[in-house]
Amino acid sequence: MNGDIPHETLQAYWGYRSRLARGGFTMAVAGGLVIYGLGYPAVAKGLVLGGLFSVLNLVIMAHVLPYLVRAGITKKKATSVAMLSFTVRLGVIAIPLLVAMKSRNFQFWAVVVGLFTVQAAVFADHILMRPWRGARSSAGEGY
């Protein structure tokens, strides 16, 4: 799957993806624990469920992206793979929403918020953490 993508670039990419996945899920679990401690178990479970599927969505996207930028792939094939990936990722996002609609164990709006934990991790990484790491980090240079 590497194609003509330099090994160092892929390692930086996987490091950044891992940092986002860990950060997003850590935020969801930490928030869930606090909310559970405050006596709202359905909200806490919804936040963690949404966070889990947010990370799964990121992992799917992260595995498809290097394939799409690989040299030699045709535009038609890249478009087909991108559309399939998009459809699968929408299906992945629908799963926790359907679970929350059908079950009283998960609060629907907490699942919706949880689905944005990776985006919150991106924000935190680029806006809040970057000043402490410097302009560029060694684990995610260029990403």
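A quick definition before you click: helices (H or I, at least four residues) and strands (E, at least two) are DSSP runs, numbered from the N terminus. You're looking at a predicted model, where local features need pLDDT of at least 70, side-chain atom pairs count only at pLDDT 80 or more, and totals for chains, interfaces and linings use all residues. Residues are numbered from 1 along each chain as its sequence is written, and side-chain values use heavy atoms, with hydrogens and water left out.

**Stop 1: the whole chain.** Switch to cartoon view. The protein chain has five helices and zero strands, so reading from the N terminus you get α-α-α-α-α.

**Stop 2: Leu 20.** Select Leu 20, which sits in helix α1. Is Leu 20 buried or exposed? With 5% relative accessibility, Leu 20 is buried; the word means under 20% relative accessible area, while exposed is over 50% and partly exposed is in between (1.4 Å probe, protein chains only). Across the protein chain, 32% of the 143 residues are buried.

Setting aside neighbours within four places in sequence, Leu 20 is in contact (heavy atoms within 4.5 Å) with Leu 58, Ala 121, Val 122 and Asp 125.

**Stop 3: the core.** Select Tyr 16, Leu 20, Ala 21, Val 55, Leu 58, Val 118 and Ala 121, the seven residues of the largest nonpolar core. Such a core is a set of buried Ala, Val, Leu, Ile, Met, Phe, Trp, Tyr and Cys residues joined through side-chain atoms within 4.5 Å. At least two of its residues come from each of α1 (7–37), α2 (41–69) and α5 (117–133), and α1 gives the most, with three. Another core of six residues lies apart from it, including Leu 49, Phe 53, Ala 100 and Leu 115.

**Stop 4: two helices side by side.** Show α2 and helix α3 (residues 75–102), whose axes come within 10 Å and cross at roughly 175°. Axes here are lines fitted to C-alpha atoms, for helices over the stretch in contact, with angles from 0 to 180 degrees between N-to-C directions. α2 and α3 are therefore roughly antiparallel, the label for angles over 145 degrees. To see where they touch, pick residues including Leu 49, Phe 53 and Ile 60 of α2 and Val 81, Val 88 and Val 92 of α3.

Terms used: Angles under 35 degrees count as roughly parallel, over 145 as roughly antiparallel, 65 to 115 as roughly perpendicular and the rest as oblique.
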